[in-house]
Structure formats: structure tokens, C-alpha cells
Amino acid sequence: MTTPVSLKVGDKALEMPVKSGTIGPSVVDIGKLYAQTGMFTYDPGFTSTASCESKITYIDGDEGVLLYRGYPIEQLAEHGDFLETCYLLLYGELPTPAQRADFNYRVTRHTMVHEQMMRFFQGFRRDAHPMSVMVASVGALSAFYHDSIDIADENQRMIASMRMIAKFPTLAAMAYKYSIGQPFVYPQNDLDYTSNFLRMCFAVPCEEYKVNKVLSRALDRIFILHADHEQNASTSTVRLAGSSGANPFACIAAGVACLWGPAHGGANEAALKMLQEIGSVDRIPHYIARAKDKNDSFRLMGFGHRVYKNYDPRAKIMQKTAHEVLNELGIKDDPLLDIAIELERIALHDEYFIEKKLYPNVDFYSGITLKAMGFPTSMFTALFALARTVGWIAQWKEMIEDPGQKIGRPRQLYTGNARRDYIPGNMR
Ligand code: CMC
């Protein structure tokens, strides 16, 4: 038992229980604070607030550690594959071969989307951003699959989960194909998850498509790296949306919308655009100076993290993956990679970045890798969303299955006008 925390408010002394997790900081349970003192806590941005209890993902930001269900991300990325990671996140354990075969079968049985979805797509402008298409089409799944939106039914929850994991790649590939005016490519279920996605993106009906195993493995690893990241902004959005009892497709669409922002999943797109804007190694000092200038809103995209105050462990794997992909594609000198490496080198030795503990994050190298694979910049965040879907679902399921679950309802510090009387227009 950890000693409770004491708080003195006026002449009242309060004892607040402390809860400890398996690893990581303990939490002070302030649930009774308002009832006993009439006061709320104030923590915009949740910098010191745990919003839930979870068994899924653990991050030690100071040490640069990321664990899915206890397993280090480096080991999963090196030895496992994405569908195995999906199983692990959803069910808490690595699958046996039989469980794995069954899981693969269930996912691949759901890869096609309702044919009417094709017509739904025709309503989008061709130049629509793939993330706007994804927000809409994932949300629209609830209009197509009514038979899996009853969240009180465990079987329906499972089917909805399978549908989203299986259909997200199909929808993301459709968003891409639509944007370039090519026909949609139906899934081919004898391919593995990631090879199937690559084929849906890059195959055309008039040519045979051969999956490049190195690229498929690299993309699969990128999906593993992005699969979950505990209570980040989009996951918290999914939990909050789900806490009202909203259907799973709507909740995941809310997560997609949140991920889109440049401070979150949109950073991979922003990081690549930044490298392109910098243009050459000799211009780096100018951009470093801008990033440090308090009066300039410019930030080094792909740098810094709310939780990691050390090298993001995903960034290390991503950097290695970038080299593997460029090597496989015979790209000897990528000017953007040169800029990225030099930018990282300078930033890691610069007092400003050292003092603020700003290190490259997962998005710093992912853009270079995805671009080399042939994805346009606008697809980067959609790929992040594809991978994060399983994390959102695992977190949503954990919340729904928690018997103590309540609707999320933060309070506020009100600083607007106090009560005042209405004055009719002609007397103002
Ligand atoms: N470049 C320059 N300065 C920075 C940067 C940066 N990328 N990031 C933070 N700082 C500075 C910031 O100006 C502030 O300085 P000061 O204390 O003097 O005001 C200090 O570092 C702390 O920054 P913060 O904004 O208070 O920190 P935060 O925890 O709220 O923000 C962040 C985290 C990721 C939003 C931020 O680091 C950032 O905007 N990075 C660039 C965007 C990015 O790469 N996002 C991807 C995150 S990883 C993928 C994901 O999780 O989606």
C-alpha cells in the first residue's frame, strides 16, 4: 500500500489514495476532491493527468522505452509482423500458430468493402485530401454495417473490430487510387496484410504486380511502430467519443480526425514538406535559428514529443528502415535524407534542443521512407491512421469492457462574464 497524499484546503485536511501501476509513475486519485472541497484540478493538455487505467501500452519517455503488452517495440519490429502485433494489442498475448491462423482468416474475410461504398467515393472531389476521405469513409462504415454497431454485444464488438482492421487498408488504397484517377484494385486475400495493401495502392489492371518483399516488410514494420502509443490525443479522442456509447466506426473516425493535425499524425507530412522547403544542407542553420526564435512560429517538424524526453525508440528503427528502403530501391543519394541526417546531427548538438530534450520522433524519417516507396505526401497520415486503427480499437474495447466505465466529462475553470441581464437591441 502506498501512503495516501495529504492535501490541506483551508482548514480541511484531505487524504487522497495513491494507486500504483506495474511500472511507471503512481497516480493520486482525486475523484473525491470536488465532493469534499468544491474545487476542481486544472491541467490543460493533461500534462500531469492520467485519464484512465490501461494494460495495453507503456512508455517511459525519459528512458526512450515503448512496450506493447510488455514487449519492447524493438523486438516486435525485428521479429514479429503487423497482424501478430494487432492480435497482441487486442487480446493481450502473442498468438499461438492456431490462434494466428484463425485471426488471419477472420481479418482477410473482411477486406472487401460494400460495393456501394465505391459510389460513395464518387462524391468526393478528386483533389480531396486522403485524410478527409478517410474521416468520412470510416465514419460511413456505420451506415453500411448496422449489424456490428451494438456495443453491448461482445460478438458485434469483435466483428466491428475485424472489419475496421481489415477494411482500413482497402479504403486508404481507394482514397489514393481515386486521387490519381486510377481504378480501384480489389483486395487479394492470399497475400499478407501489408503486401495486399501495397498491391491495392500500386497495381493497375493492365500489368502484373509483383510485391517487393523488402518494401512490404519495411512497411509492415512501419505499421508495427505506429500501432499504439497509449493515451495520445487521437486515442483519448476515441476513448472520449466511445465513452458516450457512440458506435465503434464513429469513434475511430473521430480518432482519424484528431490524428490529422500537424502536431500529431500530420507531422510526417509536415516533416517531409519541411525537408523539401529547407532544400539543401547549407540552409539548415537558417531553419535551426528560426526554430529557436521565440517570435517565429516555425518548429522543426518531426522533433520533440510530449512524452519522450529522450530519443524516440521508434525513430531509431525508422531511420534503419529508411536506409533499407533507399538501398533496395537503389537510391544512393537522396538529398532529403542528407538534409535529415545533418539536421538531426546539428539539433542533437545544439544547446536549445539539448536543454529542451528535443529529439527526432517517429515522424522524422517516416516521410523519406514512404516517399521512396512511391506514396505521395498526402497519404502519409492516412498510413499512420491505418496502423493506429488497431491501437484505437484495443483502447476502445478496453474502455467499453471496463465495468467502472463512465462518460468522459472534464470540468473547466470559467473566466467569462458572470451572470448579467439581457438588454433589448434598441436600448444597447
Ligand atoms: N521545434 C522547436 N522547438 C520546439 C519543438 C520543435 N519541434 N517542439 C517543442 N519545442 C519547444 C517549444 O517551443 C517549447 O519551448 P519553451 O519552453 O521555450 O516555450 C518547449 O520546446 C516545449 O514545447 P511544448 O510545445 O510545450 O511541448 P509539448 O509537449 O506540448 O509538444 C509536440 C509536443 C510534439 C507537439 C511538439 O514537440 C511539436 O510541436 N513538435 C513538432 C510536431 C511533431 O513532430 N509532432 C509529432 C509528434 S510524434 C507523433 C505523434 O505522436 O503523433
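Biologist: Which side chain has an N or O atom 2.9 Å from an oxygen atom of the ligand?

Modeller: In this predicted model, that side chain belongs to Lys-356, where an N or O atom lies 2.9 Å from an oxygen atom of the ligand.

Biologist: And how much of the ligand's accessible area does the protein cover?

Modeller: On its own the ligand has 940 Å² of accessible area, and the protein covers 75% of that.

Biologist: Which residues come nearest to the ligand?

Modeller: There are 21 residues around the ligand, and those that come nearest are His-264, Lys-294, Leu-300, Gly-302 and Arg-306. By type, the shell divides into ten nonpolar, six polar and five charged residues.

Biologist: What lines the largest one?

Modeller: The largest cavity is lined by 13 residues, of which Thr-108, Thr-111, Leu-191, Tyr-193 and Asn-196 are the closest to its centre. Helix 4 (97–108), helix 7 (154–180) and helix 8 (193–202) are the elements that each give two or more residues to this lining.

Biologist: How does that lining divide by residue type?

Modeller: The lining of the largest cavity has seven nonpolar and six polar residues, with no charged ones.

Terms used. Residues numbered from 1 in each chain as written. Predicted model: local features only at pLDDT ≥ 70, side-chain atom pairs only at ≥ 80, totals over all residues. Heavy atoms only, no water. Near = heavy atom within 4 Å. Polar contact = N/O pair within 3.5 Å; in protein donor to acceptor, adjacent residues only side chain to side chain. Areas by Shrake-Rupley, 256 points an atom, 1.4 Å probe, with all protein chains shown as cover. Nonpolar A, V, L, I, M, F, W, Y, C, P; charged D, E, K, R; others polar. 1 Å grid on protein atoms, 1.4 Å probe; cavity = no way out; pocket = protein on both sides within 12 Å on 5 of 7 lines; lining within 4 Å. Helix = DSSP H or I, 4+ residues; strand = E, 2+ residues; numbered from the N terminus.
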